[in-house]
Structures are given as C-alpha cells and as structure tokens.
Amino acid sequence: MSKKKMSLAQKVNVLRASVMGANDGIISIAGIVIGVAAATSNARSILIAGLSGTLAGMISMCMGEYVSVSTQKDSQKMALISEKQRLQNQYQHEFEYVQKKYEAQDIDPQLAKQATKELMEKDALGTAVQERYGFNPNEFTSPYAAAIASFISFPTGSILPMVAVTVSPANVRILATAIAVLIALLITGYFAAVLGKSNRIKSMIRNAAAGVLTMGVTYLIGQLFAR
C-alpha cells in the first residue's frame with residue numbers, strides 16, 4: 001500500500017520547522033559559546049559548553065515542536081467533530097454562513113450562492129471547515145515530521161558558532177564568531193520571510209537584532225565572571 005504524499009502546505013510547515021530550528025540553534029549556541037568565551041580562553045571549556053547546549057537544545061526543540069503541532073492537530077480534530085455535528089443538525093445555517101463569507105469578499109450574492117452550492121455538494125465538511133476555521137481538513141501537519149525536522153536542524157545550526165569559536169584565533173575569537181553568526185542569521189531571516197511571505201528586509205534585520213542582543217547579553221555576563 002503506497003504512502004500518502006505530503007501536500008505543498010505540509011512540506012512548507014516542515015520546512016518552516018527546519019528553518020526556525022536552525023535559526024534557534026545558531027542564536028542559542030552563539031549566545032552560550034560567546035558568553036563562555038568572554039569568561040575564559042579555554043577552548044575545551046567553550047566547546048563542552050557548546051556541545052551541552054546543543055544536546056539540550058535539540059531535545060527541547062524536538063519535544064516543543066511535537067507538543068505544539070500535536071496540540072494544533074488535536075484542536076483541528078475537535079473543530080472537525082464540531083463542524084460535522086453542525087452540518088448534520090444545521091446544514092442550512094452552515095450553508096448560509098459559507099455564502100455570507102463569500103459575499104463579504106465582494107462576490108455577487110447570486111454567484112456566492114451558486115459557488116456555495118457547488119462546493120458544499122462536492123465537500124460540505126471541507127468547505128465549511130475552511131471558511132469557519134481557516135484550515136484544510138485534508139492537510140494535517142505531522143507532529144513527528146516537525147519534531148524530526150527540529151531535531152536535525154537545531155544541531156545543524158549550532159555547528160556554525162561552535163566551529164567559528166573553536167577555530168578562530170583567541171584574540172579575535174568572539175568577533176569572528178559574532179560576524180559569522182550575523183551572516184547566518186541574515187540568511188535564515190531571509191528564508192523565514194520567504195516562507196512566511198513577509199517583508200524580507202524587516203525579517204533579516206529583526207533576526208540579526210535578536211542575535212546581537214543575545215550575544216551582547218551573554219558576553220556581558222561572561223565578562224562579569226571573568227573578573
């Protein structure tokens with residue numbers, strides 16, 4: 001029996017989890033290694049801190065994504081059950097609700113009624129759920145796929161700051177790591193905006209600002225311990 005292929009929307013959701021997982025991996029581990037590097041020049045201590053943060057982060061991200069998507073999926077299933085009952089008991093009311101939604105989009109009332117009739121005859125549940133709750137009941141995002149995507153992408157993102165802080169000369173270690181991280185955050189900010197269909201420049205600046213703030217705070221804390 002062949003497996004059902006993922007829809008485009010489902011693939012985008014998994015890709016979103018991957019991009020955000022990598023982004024979190026970059027920011028979180030950059031904050032850790034820069035904070036430790038500000039307190040000590042011992043490369044081994046910095047690497048151990050980074051690896052520990054990566055392990056904790058990948059498990060946290062994986063479970064967080066699983067719980068989040070599972071909760072969303074459970075809510076959508078409850079919405080489906082509720083809508084099925086409405087269609088059984090108040091079909092005409094749901095028909096009129098969908099028609100009014102179309103009319104609210106400046107569609108001619110007669111055309112809206114005809115479109116509602118055709119769509120409800122074809123797939124009453126799918127049409128009503130789409131208009132009332134805003135999701136396609138045939139496209140549930142898999143919590144397992146999202147969790148695995150985060151589990152893989154977080155440590156992938158964390159590689160950059162750990163490599164940068166480990167291989168850079170001690171006298172420019174923090175600066176080199178910060179520059180490498182900022183470039184990576186601009187890239188992930190860009191792709192996050194593409195997936196979310198939002199302003200790319202704003203997304204890149206916002207992402208970079210979050211990274212600068214994180215690294216700045218942990219650097220200052222590290223400096224306090226260095227003294």
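Is Ile-26 buried or exposed? At 5% relative accessibility Ile-26 counts as buried, where buried means under 20% relative accessible area, exposed over 50% and partly exposed in between, with a 1.4 Å probe and protein chains only. The model on the screen is predicted, so that local features need pLDDT of at least 70 and side-chain atom pairs count only at pLDDT 80 or more, while totals for chains, interfaces and linings use all residues. Residues are numbered from 1 along each chain as its sequence is written, and side-chain values use heavy atoms, with hydrogens and water left out.

**The whole chain**

Begin with the protein chain in cartoon view, which shows seven helices and zero strands; helices (H or I, at least four residues) and strands (E, at least two) are DSSP runs, numbered from the N terminus. The radius of gyration of the chain is 24 Å, well over the 17 Å that the globule rule gives for 227 residues, so the chain is more spread out than a compact globule. That radius is taken over C-alpha atoms, and the globule rule is 2.2 Å times the number of residues to the power 0.38. Along its principal axes the C-alpha trace spans about 75 × 40 × 30 Å, and 37% of the 227 residues count as buried. Of the contacts in the chain with a separation of 6 or more, 74% are between residues 24 or more positions apart, contact meaning heavy atoms within 4.5 Å.

Now select helix 1, residues 8-39, and find Ile-26 within it. Leaving out residues up to four places away in sequence, Ile-26 touches Gly-157, Ser-158, Pro-161, Val-181, Ala-184, Leu-185 and Thr-188. If you draw a distance from Ile-26 to Ile-174, which lies 148 residues apart from it along the chain, the two C-alpha atoms are separated by 14 Å.

Move on to Gly-25, which is also found in helix 1 and counts as buried at 0% relative accessibility. Apart from its neighbours within four places in sequence, Gly-25 is in contact with Ala-30, Phe-154, Gly-157 and Ser-158.

Select Ser-158 next, in helix 5, which is buried with a relative accessible area of 1%. Not counting residues up to four places away in sequence, Ser-158 touches Gly-25, Ile-26, Ile-29 and Thr-54.

Then show helix 5 (residues 143-167) together with helix 6 (residues 173-196), which pack at an angle of about 155° with their axes 8 Å apart. Axes here are lines fitted to C-alpha atoms, for helices over the stretch in contact, and angles run from 0 to 180 degrees between N-to-C directions. Helix 5 and helix 6 are therefore roughly antiparallel to each other, since angles over 145 degrees count as roughly antiparallel, those under 35 as roughly parallel, 65 to 115 as roughly perpendicular and the rest as oblique. To see where they meet, select Leu-160, Pro-161, Ala-164 and Val-165 in helix 5 with Arg-173, Thr-177, Ala-180, Val-181 and Ala-184 in helix 6. The residues of this contact divide into seven nonpolar, one polar and one charged, with Ala, Val, Leu, Ile, Met, Phe, Trp, Tyr, Cys and Pro counted as nonpolar, Asp, Glu, Lys and Arg as charged, and the others, Gly among them, as polar.

**Helix 6 against helix 7**

The contact includes Ile-174, Val-181 and Leu-185 of helix 6, and Met-204, Gly-211 and Tyr-219 of helix 7 among its residues. Its residues divide into 15 nonpolar, five polar and one charged.

Beyond residues up to four places away in sequence, Glu-94 touches Glu-83, Arg-86, Leu-87, Met-120, Ala-128 and Arg-132.

The last stop is Asp-106, in the loop between helix 3 (91-103) and helix 4 (109-133). Asp-106 counts as exposed at 75% relative accessibility, and its phi is near 65°, a positive value in a residue other than glycine. Most residues other than glycine have a negative phi.
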